[in-house]
Amino acid sequence: MQPLLKLDGVSRDFDVSRPWLNRVLEGEPRRLLRAVDGVSFDVAKGETLALVGESGCGKSTVARLIAGLYTPSEGRIEFLGKRLQMIFQDPYASLNPRWRVRKIIAEPMLFIDQKKPVAEFLVQVGLSPDDAERYPHEFSGGQRQRISIARALAGEPELLICDEPTSALDVSVQAQILNLMAALQERLGLTYLFISHNLAVVSLVADRVGVMYLGRIVELANAAELFARPRHPYTRMLLDAVPDLAMSGKARTPVAGEVPNPLAPPPGCAFHPRCPHANQRCRVETPKFLNGVACHAVEEGRI
């Protein structure tokens with residue numbers, strides 16, 4: 001089946017150079033930060049692909065590239081559907097405080113000649129039709145995120161890009177929003193790209209998971225397989241950092257060290273300064289993405 005979304009070798013550089021005059025006087029070169037480095041994956045219609053990783057790994061930049069908010073420096077993005085929408089992380093900042101809910105939800109309809117009543121979308125996300133005349137500040141955080149979802153649905157999307165849609169919410173409210181999104185996906189046949197740093201959340205929603213580190217995907221696998229048998233050392237460390245509520249007594253290795261400076265990434269495998277399995281090859285040679293993982297130790301059978 002042809003994928004709904006396909007990324008092929010997508011990279012994005014940001015110019016973080018000092019002002020031109022400072023560079024001329026002090027003899028400094030231009031400085032480019034590579035936030036996304038050669039990312040490739042596809043998303044099938046009706047599935048949920050999650051991108052996970054620590055803050056600064058590039059997952060939100062990938063989301064913005066797909067949404068068209070950024071232009072790729074290299075590579076290609078193909079979207080074979082008609083429309084996509086985005087749900088942002090902060091339900092307090094993503095809604096115009098001066099607009100009534102009716103106008104917020106109706107805005108996407110102007111671009112697609114949509115005639116459905118706003119009340120229909122409010123009911124879909126568990127709100128009252130009467131809420132259309134209220135302002136965003138009159139709602140709780142969870143209710144605001146429901147309004148954000150209703151606004152996205154009003155654009156009749158085939159793909160929803162969800163950029164950490166529950167991270168700003170209380171745990172109990174997170175569960176309600178995730179259940180709502182699952183119900184909407186089943187009812188409307190939606191496709192989700194789900195961005196998160198919370199592996200516990202990802203385990204509930206994702207069909208497949210891509211693990212990102214310093215702008216690259218280091219592992220991509222079915223969710224059940226990845227959580228049961230993680231292959232990349234970084235994936236293993238992320239999973240070991242999740243609280244063991246079952247108290248299984250399994251040996252755990254917490255994530256060590258800090259994410260390197262993306263302006264001066266380590267040579268070879270970017271994860272090698274933090275990896276317990278790194279050898280000399282890891283320090284000088286960048287691993288290729290083979291069979292769903294980019295790791296010399298996995299390729300050589302050392303782990």
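Predicted model: local features only at pLDDT ≥ 70, side-chain atom pairs only at ≥ 80, totals over all residues.
The three-stranded sheet is open, with the strand order β2-β1-β4 and antiparallel pairing. Strand β1 (residues 5-15) pairs with β4 in the antiparallel sense over five bridges. The pairing of β1 with β2 is also antiparallel and comprises eight bridges. K6 has a counterpart in each of these two strands: it stands opposite E78 in β4, and its bridge partner in β2 is D42. Helix α2 (residues 59-67) lies across β1, β2 and β4, and its direction makes about 110 degrees with that of β1.

A salt bridge is formed between R34 and E74, with the closest N and O atoms 3.1 Å apart. Because R34 belongs to strand β2 and E74 to strand β4, the pair ties together parts that lie 40 residues apart in sequence. In total, the structure holds 22 salt bridges.

A further open sheet is formed by six strands in the order β5-β6-β7-β3-β8-β9, with mixed pairing. Its edges are taken by β5 (84-87) and β9 (216-222); each has a single partner strand, so one side of each is left without a neighbour in the sheet. Neighbouring strands are here turned by 15 degrees against each other on average, direction ignored. Strand β3 (residues 48-52) pairs with strand β8 (residues 208-213) in the parallel sense, over four bridges. Within this pairing, R208 in β8 is the bridge partner of L49. Helix α9 (residues 233-240) packs on the sheet and touches β8 and β9, its direction making about 105 degrees with that of β8. Helix α6 (residues 171-188) lies across β3, β6 (159-163) and β7 (191-196). The direction of α6 is at about 160 degrees to that of β7.

The cavity search gave a count of one cavity of 30 Å³ or more. The volume of the largest cavity is about 80 Å³. Its lining consists of 13 residues, of which C269, C275, C282, C295 and H296 lie nearest the centre of the cavity. By class, nine of the lining residues are nonpolar and four are polar, while no charged residues take part.

Technical notes
Residues numbered from 1 in each chain as written. Heavy atoms only, no water. Pairing = 2+ DSSP bridges. Contact = heavy atoms within 4.5 Å. Axes fitted to C-alpha atoms, helices over the stretch in contact; angles between N-to-C directions. 1 Å grid on protein atoms, 1.4 Å probe; cavity = no way out; pocket = protein on both sides within 12 Å on 5 of 7 lines; lining within 4 Å. Points joined across faces, edges and corners; volume = space filled by probe spheres on them. Nonpolar A, V, L, I, M, F, W, Y, C, P; charged D, E, K, R; others polar. Salt bridge = Lys/Arg side-chain N within 4 Å of Asp/Glu carboxyl O.
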